[in-house]
Structure formats: C-alpha cells, structure tokens
Amino acid sequence: MTPNNERLHTGELYLPSDPELEKRQNACMEKLYDFNQTRPSEKSKRQNMLKNMFAEIGPDCYIEPPLHSNFGGHHVHFGKNVYANFNLTLVDDTNIYVGDYTMIGPNVTLASAGHPVWPTLRQKNYQYNFPIHIGKNCWLGAGVIVLPGITIGDNVVIGAGSIVTKDLPNNVVAVGNPAHILREIGEHDREYYFKNRKIEPELFDK
C-alpha cells in the first residue's frame, strides 16, 4: 500500500488522487452504483448487497436509495435496526460508526473528511480524515450535517438542518447551526410526543 492509503485512518494529510487509492475507491463505487439501481421490491437483494459493501452492518437495517458514499460504505459500521431515509451522504474516507436503532432523516450528511484551510495546500488537493461515532437510538432530522471527528452519545435527537461541529453527550436534544444543546430528554418527552399530543400509556407495555 502507498503512504496515501495508509494515511486514510491516521488523521494525517494525504493525497486522495493516488492511483492505487483511486482504484480501490472505484471498485467500491461500482457496488454502490448497482445498489442504487435496485427496485423497491428487491429488499432482500439490497440487504445482501449492503453486507458486501459495508465494513459492518447489523440485522434489520434499511437504507433508502439513493445512497451516496465516497467509498461505497467500505468504511461504514452500522449496528442493528438502523434506518436511513433518501439521500444519505456518507463521506466515508475513514470510519463512520452508527449505533443500534438510530434513525437518519432524508438528506443527512456524515462527513469524515476535510481539507486544510491554507490555500496552497488545498490547491494541491491535500485531505485529512477523522472518524465519526454516533451512538445508539439516536434520531438525526432531515438535512443534518455531522463534521469530521464528531462523537454523538446515545439517545440524542438532532433537529432538522442542524450542523454538528462539537461532540454531544447522551440524552439531549440539539439544534441549530452550529448545533447546541437545547435541553435534556426528560419526563416531558415521556408524556408528549409532539407539541400537546400525549403518548398513550399502553404503548410502553407493547
């Protein structure tokens, strides 16, 4: 492997235009292209393809095409029962981890890659990557963007259109650009699911 291949996961600057690296990436993108051509009736086929494309994917995951991914999911680790709506973009130049039961709204971007601010280095196409970690049972609303190196705890809800630039702890609702903690998840959320709409108590027993 070339030094550029080895630096994908170290956080060091590297050149993604390396021919060997491009060859590996193109092979992954071919699989992604095939996945995006599947029909809605071909759910079993999609599941088998995802197992071949992703680094890890647990049972009962569902990803709605089209899926966009720099390495076709090759560096993506999904737990079980992960749901992703239309137009999920995974900038998976390094590892992206998503925990069990997490829900991802449409047009969400998880971006593990970045470029130097200094203009001459950026002109030379240098890049760096830092992994993203998303906990269990999270909900990322439509249009959320998560930046390189971010860790999001368990049970976190991120409001639509938010841009996550800093780590988030467990059990919070976060919103905005940049995303900030709006509040902790508490008893109010156990009683109401939307504005003044109450949750039927028997739902907790099912």
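**Contacts, sheets and a pocket in a predicted model**

The side chain of Asn4 forms a polar contact with the side chain of Asp18, at 3.1 Å. A polar contact is a pair of N or O atoms within 3.5 Å; within protein, one must be able to donate a hydrogen and the other to accept it, and residues adjacent in sequence count only if both atoms are side-chain atoms. The structure is a predicted model, in which local features need pLDDT of at least 70 and side-chain atom pairs count only at pLDDT 80 or more, while totals for chains, interfaces and linings use all residues. Residues are numbered from 1 along each chain as its sequence is written, and side-chain values use heavy atoms, with hydrogens and water left out.

Asn4 belongs to helix 1, residues 3-6. Helices (H or I, at least four residues) and strands (E, at least two) are DSSP runs, numbered from the N terminus. A polar atom of the Asn4 side chain also lies 2.8 Å from the backbone nitrogen of Leu15. When residues up to four places away in sequence are not counted, Asn4 touches Tyr14, Leu15, Asp18 and Leu21; contact means heavy atoms within 4.5 Å. The relative accessible area of Asn4 is 16%, so this residue counts as buried (under 20% relative accessible area, with exposed over 50% and partly exposed in between, for a 1.4 Å probe and protein chains only).

Helix 3 spans residues 43-53, and its buried residues are Arg46, Met49, Leu50 and Met53. These residues lie on the same side of helix 3, because they cover an arc of only 100 degrees around the axis. The arc is that of the directions from the helix axis to the C-beta atoms. An α-helix has 3.6 residues a turn, so residues three or four places apart point the same way. Exposed residues Ser44, Asn48 and Lys51 are carried on the face of helix 3 turned away from the buried side. The packing partners of the buried residues of helix 3 are helix 2 (19-36), strand 1 (56-57), strand 2 and strand 3 (67-69). Apart from neighbours within four places in sequence, Met49 is in contact with Lys31, Asp34, Phe35 and Thr38. Met49 and Phe35 are 14 residues apart in sequence, with 6.7 Å between their C-alpha atoms.

Seven strands form an open sheet in the order 2-5-8-13-16-18-19, with mixed pairing. Two strands pair if DSSP finds at least two bridges between them. At the edges stand strand 2 (62-63) and strand 19 (180-184), each with a single partner strand, so one side of each has no neighbour in the sheet. Strand 5 (residues 83-84) pairs with strand 8 (residues 103-104) in the parallel sense over two bridges, and Ala84 has Ile104 of strand 8 as its bridge partner.

A further open sheet has five strands in the order 1-4-7-12-15, with parallel pairing. Its edge strands, strand 1 and strand 15 (151-152), each pair on one side only. Three bridges join strand 4 (residues 76-78) to strand 7 (residues 96-98) in the parallel sense, and Val98 in strand 7 is the bridge partner of Phe78.

Gly105 is found between strand 8 and strand 9 (109-111), and Gly141 between strand 13 (139-140) and strand 14 (145-146). Gly105 is buried at a relative accessible area of 9%, and Gly141 is buried at 7%. Beyond four places in sequence, Gly105 touches Asn85, Phe86, Leu140, Gly141 and Ala142.

The largest pocket holds about 490 Å³ of space. Of its 15 lining residues, Trp139, Val157, Arg183, Asp189 and Tyr193 are the closest to the centre. Helix 5 (187-191) and strand 20 (192-194) are the elements that give two or more residues to the lining; strand 20 gives the most, with three residues. On a 1 Å grid over the protein atoms alone, a pocket is an open set of points where a 1.4 Å probe fits, with protein on both sides within 12 Å along at least five of seven lines, and lining residues have an atom within 4 Å of a point. Grid points are joined across faces, edges and corners, and a volume is the space filled by probe spheres set on the points.
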